[in-house]
Amino acid sequence: MTAAMTAQDTKRPAETFDSVNPANGEVIASFPACGQREIGASVDRAASAARWWAGLGWKQRRGYLLAWKSYLARYIGRGAQLLHVETGKPLGDAQLEILLAIVHIDWAAKHAKRVLGPRRVRSGLVAINQSATLEYQPLGVVGVIGPWNYPVFTPVGSIAYALAAGNAVVYKPSEYATATGAWLVESFADIVGEQPVLQLVTGSGDTGAALARSGVDKIAFTGSATTARKVMAACAENLTPMVAECGGKDALIVDTDANLDAAADAAVWGALSNAGQTCVGVERVYVVESVYHTFLERVIERAAKLRPGEDRDADYGPMTMPTQIDVVERHLADAIARGGRTVLGDMGSVRKPFVEPIILSDVPERSSAITEETFGPTITVTKVHDVAEAVRRANATRYGLAATVFVKNKKRGMAAARTVRSGMTSINSVIAFAAIPELPFGGVGDSGFGRIHGADGLREMSRAKAITRQRFRPPLNLTTFSRSDEQMRKLLRLVTLLHGRRYR
Ligand code: NDP
């Protein structure tokens, strides 16, 4: 039974679905496919839980959230085992994912009051008699729709920040990661048992669509750009605001003075870990020509040692969602047909449900392996004249999620990082921003909009509230019909004095 399916629901939905181990097809658990009726009941319960939760205040919420983080840290083994079995990722990667989520819960809990709490702001000379206060209030109920590739880290990026801001959450995990989603929700319920502040609703895309239409106060969506468009259309019906964390086609750029061993290591990890099923994974590498061959050799050498599998020694697991394998095959075939070379692996590397490492070079920029998100353990490595060309090519995509730059010179690194069209860029390490809770996470273009994590992530889950209190009668009362011409003349003189100075 899920947190959404309590005795308050009149009857069980007719349909159920199974969550399976992608490596061997074994059923892990069955879940109800929640429809509009169940979603509506959950959102109603959440609305009343949200009032209770918001009423607790910063200190108590902080205490609950820190207790939740501590629970997750103590039971990380259980959660990681489930995550490993349900998504196929190695146990160590599953532990790392939960660890990162813990870091974010901790930050959101400890900083919500500072970022969102009431603070005095200057009222300015014209309104000197006013005392102005800015605060960020909770939205109410946030609907979170999550993906299957990082089913703890990714939703927690929305859930923890929404909860810390004082909202209740209704969470719909991907049907491919529902057992992990249930564990996450149950872990919170063990800490906050009084009210259903975090609820689970289970099902496929239809369940997600029903949640988007349910009248929640915001949708935090993570998934593909294609689905984001559908969710946005559904949200439009009720003018429900939305944050969209979508896919990417992230580039790694290698400059002439880069540490090539470190760059090759980062490229291989960024592209192949989690079987390449990482929104901020490395999909394309652009290398300045003088170091291209040495870099490529080092990438091949490292990648050739890696092996997918379900055993403990495997470097990465199976493809979690079966249909993604077709995308990998299509991109590979297209790249080869257009003249791209496989320098490691080939079409035979796809052995369902596993895909061995595939490195491509000389892939034409129009090929789908360069233009579309592949989401598999493959990378393209392309020679460029200089970093400016690398940035130009990196930016020639609809996506703009993250990027990586390897360069020794700090100034050149910062300049390249700034000009890459992406929400996040790491210099001389890969995906490092994900572990820094203070940094906002999100993309541009088809990679989505809005931000999770950090102060921006907290504000994303709140609404700004402006309050101003008159402290004393204004010397010039402007908002009255009894305003005199003399008062207006005085005001105009003041404004000219304050703002009328010539600047050029
Ligand atoms: P999908 O877009 O297929 O699904 C995302 C979620 O939306 C799932 O829970 C899915 O349910 C649900 N959904 C499907 N159809 C609808 C609909 N019509 N209305 C509402 N919800 C719906 O993405 P994936 O799960 O395949 O995740 C992979 C994608 O997510 C990749 O593009 C990846 O790059 C991106 N991603 C982005 C991240 C970021 O932070 N920017 C982080 C992680 C992943 P169900 O699965 O049950 O069909």
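1. This is a predicted model, in which local features need pLDDT of at least 70 and side-chain atom pairs count only at pLDDT 80 or more, while totals for chains, interfaces and linings use all residues. Residues are numbered from 1 along each chain as its sequence is written, and side-chain values use heavy atoms, with hydrogens and water left out.

2. Asn129 is found in the loop between β3 (119-121) and β4 (130-138), where strands (E, at least two residues) and helices (H or I, at least four residues) are DSSP runs numbered from the N terminus. Asn129 counts as buried because its relative accessibility is 4%, buried meaning under 20% relative accessible area with a 1.4 Å probe and protein chains only.

3. The side chain of Asn129 reaches the backbone oxygen of Phe472 at 3.1 Å. Leaving aside residues up to four places away in sequence, Asn129 touches Arg469, Gln470, Arg471, Phe472, Arg473 and Pro474, a contact being heavy atoms within 4.5 Å.

4. Seven strands form an open sheet of mixed pairing, in the order β12-β15-β16-β11-β10-β17-β18, and two strands pair if DSSP finds at least two bridges between them. The edge strands, each pairing on one side only, are β12 (341-344) and β18 (424-427).

5. Within that sheet, β15 (residues 358-361) and β16 (residues 378-384) run parallel and are joined by four bridges, with Ile359 standing opposite Ile379 in β16.

6. In helix α7 (residues 205-212), the buried residues are Thr207, Gly208, Ala210, Leu211 and Ala212, and they pack against α1 (36-56), β5 (141-145), β6 (168-172), β8 (218-222) and α8 (225-236).

How values were computed: Buried means under 20% relative accessible area, exposed over 50%, partly exposed in between (1.4 Å probe, protein chains only). A polar contact is a pair of N or O atoms within 3.5 Å; within protein, one must be able to donate a hydrogen and the other to accept it, and residues adjacent in sequence count only if both atoms are side-chain atoms.
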